[in-house]
Amino acid sequence: MPVLSPGAWFLGALSALLVGFSKSAVPGIAVLYVPLFADVLPARASTGALLPLLILGDVFAVVFWRRHAVWRHVARLVPWTLAGIVAGWLVMGRIDDRLMRPVLGAALIVILAVNAWHGLRRAAAARRGIPFEDTVPGAWWFSAVFGLAGGIATMISNAAGAILVVYLLSMRLPRDEFIGTTAWYFLIVNCIKVPFSVNLGLITASSLLLDAALAGGVAAGSIVGMLTARKIPQKAFVIVAMALAFASAVRMFF
């Protein structure tokens, strides 16, 4: 197990709590726990050590939200995400992710702005009593772009959360279906990542011991998330999800 200072143990425990809470209540909090965990271990090592904690959080989320997944979105995204994971695995260590992250961040900000604009138009039309056609993107290439981007981002830096949040916001899913779809998608994707991470030496016996020590934090965060998620109104949930996705996108520039 890595030798950590008391401060690093505190950050690790806090990260574990946030992982559990995010998975079961408010997807998108990766903008908080990913950089926190990078202060516990070096950036590359933290990517691998965080993965088993994410999978544990996914398991808790699936247990609670398993009946609310919209499987057509999972089926559309996962094959493209797998291709993105393979691409990320092939290029990891060969290119600097500092070149890729700003591009992903800029794309997310543009898509969030378009979603917000459509939301304002819809609200204005409703106030005037005018019907507004509420369309959602259905083209295959839309899922392909998000799936590929998510696969590359999750393999390089566990940063696919914001990408999936933006995609599901575009699909305008209700809160429960949003969380349920996210839970199943990430359980599948994160399990797929395991052999690639082992191959790259990102998951080791030492990192697994650290994960075992922090697993209780993920469990506690998941329970808190399960108890509070349904108390969050739909409108507030969407606003928080958009705000976290925007914060994640901005962070990709730094």
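These questions and answers look at cores, ring pairs and a cavity in a predicted model.

Reader: What makes the pair of tryptophan 71 and tryptophan 184 tilted?

Author: Two values decide. The ring centres are 5.1 Å apart, and a pair needs centres within 6.5 Å.

Reader: Why is the pair of tryptophan 89 and phenylalanine 196 called edge-to-face?

Author: Look at the angle again. The planes stand at 70°, and over 60 counts as edge-to-face. The centres lie 5.4 Å apart, so the rings also pass the 6.5 Å limit for a pair.

Reader: What parts does each pair tie together?

Author: Tryptophan 71 lies in helix H4 and tryptophan 184 in helix H8, so their pair ties together parts 113 residues apart in sequence. Tryptophan 89 is in helix H4 and phenylalanine 196 in helix H8, so that pair ties together parts 107 residues apart. By this rule the model has ten aromatic pairs.

Reader: Is phenylalanine 196 buried or exposed, and how do you know?

Author: Its relative accessibility is 17%. Buried means under 20%, so phenylalanine 196 is buried.

Reader: Why is tryptophan 184 called partly exposed?

Author: Its relative accessible area is 22%.

Reader: How do you know that the charged end of lysine 23 sits over the ring of phenylalanine 186?

Author: The charged end is 4.6 Å from the ring centre. The limit is 6 Å, along with an angle within 35 degrees of the ring normal. The pair of residues is counted as a charge over a ring.

Reader: Where else do Lys23 and Phe186 turn up?

Author: At the largest cavity. Its lining has 18 residues, and Lys23 and Phe186 are among the closest to its centre, along with Ala30, Tyr33 and Gly161. The space inside is about 170 Å³. Helix H8 gives the largest share of the lining, four residues.

Reader: What makes Tyr33 stand out in the largest nonpolar core?

Author: Contacts. The core has 57 residues, and Tyr33, Phe37 and Leu50 have the most contacts inside it. Helix H7 gives the most to this core, eight residues. Tyrosine 33 touches Leu18, Val19, Leu50 and Leu54, among others. A second, separate core has seven residues, including Leu51 and Ala183.

How values were computed: Residues are numbered from 1 along each chain as its sequence is written. This is a predicted model: local features need pLDDT of at least 70, side-chain atom pairs count only at pLDDT 80 or more; totals for chains, interfaces and linings use all residues. Side-chain values use heavy atoms; hydrogens and water are left out. A nonpolar core is a set of buried Ala, Val, Leu, Ile, Met, Phe, Trp, Tyr and Cys residues joined through side-chain atoms within 4.5 Å. Buried means under 20% relative accessible area, exposed over 50%, partly exposed in between (1.4 Å probe, protein chains only). Helices (H or I, at least four residues) and strands (E, at least two) are DSSP runs, numbered from the N terminus. Contact means heavy atoms within 4.5 Å. Rings of Phe, Tyr and Trp (its six-membered ring) pair if their centres lie within 6.5 Å; planes under 30 degrees apart count as stacked, over 60 as edge-to-face and the rest as tilted. On a 1 Å grid over the protein atoms alone, a cavity is a set of points where a 1.4 Å probe fits but cannot get out, and a pocket is an open set with protein on both sides within 12 Å along at least five of seven lines; lining residues have an atom within 4 Å of a point. Grid points are joined across faces, edges and corners, and a volume is the space filled by probe spheres set on the points. Lists of a residue's contacts leave out its neighbours within four places in sequence.
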